[in-house]
Amino acid sequence: MPLLRSSRRILLGEKITPADVFDAHSERVIAEGRIILCALSLLAIWLDPGQLADSATATLIIIAYSALALALIAIPFWKYPGPVAGYLVHAADIGFLATLVILSQARPGPFFALFILVILLAAALRWDWQGVLGTGAVLAAIILAVGAVGSRSAPASISDGLALKGATVRGLDLIAAGGFLAYFSALRVRRRDQLSKLADWPGPDASHMSSPSLATVLSHCARTLEVPRVLVVWEEVDEPFVNVAVWKDNVYKHTREIAGELDNFLRSKHYSDSLFVTTNVRSGFVDMQGGAARLKTPIINEELIRRFQIRSVGTAPFVGTLCRGRVFILDRGSWGDFLLLLIKFVASRIGMELDRQILQRQTEEAAAARERIRLTRDLHDGILQSLTAARFQLKLLSDGQRDEDAQSRLDTIKQLLNDEQIRIRDFVRQTLPKSDAGTELVLSRDLQRVVSKLGELWECTTSLSVDPQDASVPAKLGAHLSLMLAEAVSNAVRHGGASTVRVGIRKTNEHLALQIQDDGHGIAGTACKYEHKEHADVTTLGPVSLRGRVVELGGSLDVRSSPLGTELQIRMPLA
């Protein structure tokens, strides 16, 4: 508990936290309260034995009840499943109080008021307002019954019905007190239910991840806060628009408009961070977290009031990473202090939801842009290079060749176009060219075919060395390597005038290193060198498409060029 556990920690010099005081099982709180009540009862009898007709018997009963209270502390019965134990203990509490009422002949006093209060509170903790009403009715019946019996047994000259009248008054007082306690218990239940409903916050619909889920969120808020309309107005970072979303009678509407009349959601920027509720927005009287206040009217943006016919409103701001705005809960008949907390929570969650949606949209747009870049790069390094090679072969053919050379070149062009037809078909089907996803590509075997074919297409000598000889990579990475080599050989012949291209590949447990050398005249016929870390500042130098592919794979590209040729060194992680 609270009390016993906290007392022990105080004696030990330990720090007491709110959790030590309030976060205890309700039955433990009741059990320790019962011990304190017994001690106070014994003290009351010792100070004023006359308040009970038989104080000696009452003392023995309280001692016996104290023993029961200690036993209930030692044996945590509330850990046993089922409600029976709680009913039995509550019945014992009522029976003990009934015994004391009989011994006191239902005479009033603080002694019994304290007992009655504790028993009603125990009922509230166990069974909420229903338990309070039931317990109050039973206690009132006991007091009335004892008063009636006492009135009949007393001499007529003394009684004259006074005992029964007194018992009736005390019974009615008990019913009234029980009613108030039941109300507060019911209020506790209602707030607990509101928090439970609000905590059941709807997440994004997995089947409609790309569509806005704000409609679902506002619908949930309207049901939980019991209002017909919820309005949200917000701005996104670096956007010149104001977004307006409203939930009204199960219909959701969202509009975007150029920032202007709705620039400031509240009339005064002094209250831009304020949370408040009011039943009449034009009156200026509001309830805030710090208490009641009167603000200069109109409190809210006049255009918002006019457009949405705002009168009774509760509003709170939210500031997210990517947006800022304000939530307006509209048309509620009454507002309580607790609703301020709920509205604050709602505003915070809506801000988080809008941040999530904006981030999701930006991520999708960025993914689409990356996909366009990837498709562009694949077209450039694959199909475009093949078509360029075909044009190169046709140019040689048009320059006038012997009949046997012409037929050979026509066969090459035919095979090239056939290969690209297959590649395009695979591209449309979103499969890897010439390999299946999940398979391994043997570098010395599969890339040798690629390198040899590139040599035929570009009329140059090519060679490939692989270390170790049996090295293999995933087919997806192998497809990238094929496109890299196509781009590198094409650039070497077309832009460098190379006649020989040498490719070396070395694989380790963590990395794959490629070295591509040619005997051309280099980049623009000059000597230059730049490393991967310099690429951000030298984006126009070297093989741009090849560099983009390497970066996409998390690798690095170093270029060394001179009039004697160009060397590309590529390093990529395998993990």
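Guide: Strand S7 (residues 313-319) and strand S8 (residues 323-330) run antiparallel, joined by seven bridges. This is a predicted model. S7 and S8 form a hairpin, with three residues between them. Val 319 is placed opposite Arg 324 in S8.

How enclosed is S7? Five of its seven residues are buried, so S7 is largely enclosed by the rest of the structure.

S7 also pairs with strand S4 (residues 276-278). That pairing is antiparallel and has three bridges. Val 277 belongs to S4. Its bridge partner in S7 is Gly 314.

Stay with Val 277. The relative accessible area of Val 277 is 2%, under the 20% cut-off, so this residue counts as buried.

Now the helices. Two packed helices are described by the angle between their axes and the distance between the axes.

Start with helix H13 (residues 443-457) and H14. Their axes cross at roughly 30° and come within 10 Å. The angle is under 35 degrees, so H13 is roughly parallel to H14. The crossing is right-handed. H13 supplies Leu 443, Leu 447, Val 450, Val 451 and Leu 454 to the contact. H14 supplies Gly 478, Leu 481, Ser 482, Leu 485, Ala 486 and Val 489. By class, this contact has nine nonpolar residues, two polar and no charged.

H14 (residues 475-494) also packs with helix H15 (residues 544-552). Here the angle is about 160°, and the axes are 9 Å apart. That angle is over 145 degrees, so H14 and H15 are roughly antiparallel to each other. Their crossing is left-handed. From H14, the residues in contact are His 480, Leu 483, Met 484 and Glu 487. They meet Ser 545, Leu 546, Arg 549 and Val 550 of H15. This contact divides into four nonpolar, two polar and two charged residues.

To recap, H14 meets H13 in a right-handed crossing and H15 in a left-handed one. Among the strands, S7 pairs with S4 over three bridges and is joined to S8 by seven.

Technical notes:
Residues are numbered from 1 along each chain as its sequence is written. This is a predicted model: local features need pLDDT of at least 70, side-chain atom pairs count only at pLDDT 80 or more; totals for chains, interfaces and linings use all residues. Side-chain values use heavy atoms; hydrogens and water are left out. Axes are lines fitted to C-alpha atoms, for helices over the stretch in contact, and angles run from 0 to 180 degrees between N-to-C directions. Helices (H or I, at least four residues) and strands (E, at least two) are DSSP runs, numbered from the N terminus. Angles under 35 degrees count as roughly parallel, over 145 as roughly antiparallel, 65 to 115 as roughly perpendicular and the rest as oblique. A crossing is left-handed if the near helix is turned anticlockwise from the far one by less than a right angle, and right-handed if clockwise. Contact means heavy atoms within 4.5 Å. Ala, Val, Leu, Ile, Met, Phe, Trp, Tyr, Cys and Pro count as nonpolar, Asp, Glu, Lys and Arg as charged, and the others, Gly among them, as polar. Buried means under 20% relative accessible area, exposed over 50%, partly exposed in between (1.4 Å probe, protein chains only). Two strands pair if DSSP finds at least two bridges between them.
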